[in-house]
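Me: I have just opened this one and would like to get my bearings. Could you walk me through it step by step?

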Amino acid sequence: MKAWWNSLSLRERSLIGGGMALTLTLLLYAQVWRPFSTSHHRLQRSVAEQRADLAWMRQAAQEIQRLSGASDRTHATADGRSLLTRVDQTARAAGFGPALKRIAPQGNDQLSVQLDAIEFDQLIPWLKALERNQRTVIINLSADRAAAAGRSNVRLILGSRP
């Protein structure tokens, strides 16, 4: 290879050297600089998108806190009393005392409630008030016709809403 190089004229050596330098420069650009630059621009766009997402999430979190505060004010009657206490007190206040046969905790903040010979038309407004004002959710409701006309035997499983 050295003999071949020495056999070339100065002009040919310059051309070959320049071509090699140009080739090396193009290889460095294509293999190093261009991927780095592309990655850099992609990461800049990603950071901008993530900052926009973060701003939206912060705004949404403030909205959730605002709505949560409003929800707490509208459900002020659920003032830390247990689910059993809330259900028992509201049932008796609704006049279901004689029909209320059993209230039993079911674990996981749930209650089993048994009402016998209750007027079904009076039950629905009470359940609606429980859901709306006492932060209670109906998990299961089973009703069958009682011996007395217009009355039902009702079995409920109720839970607390967070």
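Me: In what order do the elements of the protein chain run from the N terminus on?
Reply: Bearing in mind that this is a predicted model, the elements of the protein chain follow the order α-α-α-β-β-α-β-β when read from the N terminus.

Me: And how many helices and strands is that?
Reply: The protein chain has 4 helices and 4 strands.

Me: What about the overall dimensions, what does the C-alpha trace span?
Reply: Along its principal axes, the C-alpha trace of the protein chain spans about 120 × 30 × 25 Å. The radius of gyration of the protein chain is 39 Å, whereas a compact globule of 162 residues would have one near 15 Å.

Me: How much of the chain counts as buried, then?
Reply: Of the 162 residues in the protein chain, 20% count as buried.

Me: Switching to contacts, what share comes from residues 24 or more positions apart?
Reply: Among the contacts in the protein chain with a separation of 6 or more, 53% are between residues 24 or more positions apart.

Me: Which residues form a nonpolar patch with Met1?
Reply: Met1 forms a nonpolar surface patch with Trp4 and Trp5, and together they have about 400 Å² of accessible area.

Notes: Residues numbered from 1 in each chain as written. Predicted model: local features only at pLDDT ≥ 70, side-chain atom pairs only at ≥ 80, totals over all residues. Heavy atoms only, no water. Patch = residues over 30% accessible without salt bridge, like charges linked within 9 Å, V, L, I, M, F, W, Y side chains within 5 Å. Areas by Shrake-Rupley, 256 points an atom, 1.4 Å probe, with all protein chains shown as cover. Salt bridge = Lys/Arg side-chain N within 4 Å of Asp/Glu carboxyl O. Helix = DSSP H or I, 4+ residues; strand = E, 2+ residues; numbered from the N terminus. Rg over C-alpha atoms; globule rule 2.2 N^0.38 Å. Buried < 20%, exposed > 50% of the residue type's maximum accessible area, 1.4 Å probe, protein only. Contact = heavy atoms within 4.5 Å.
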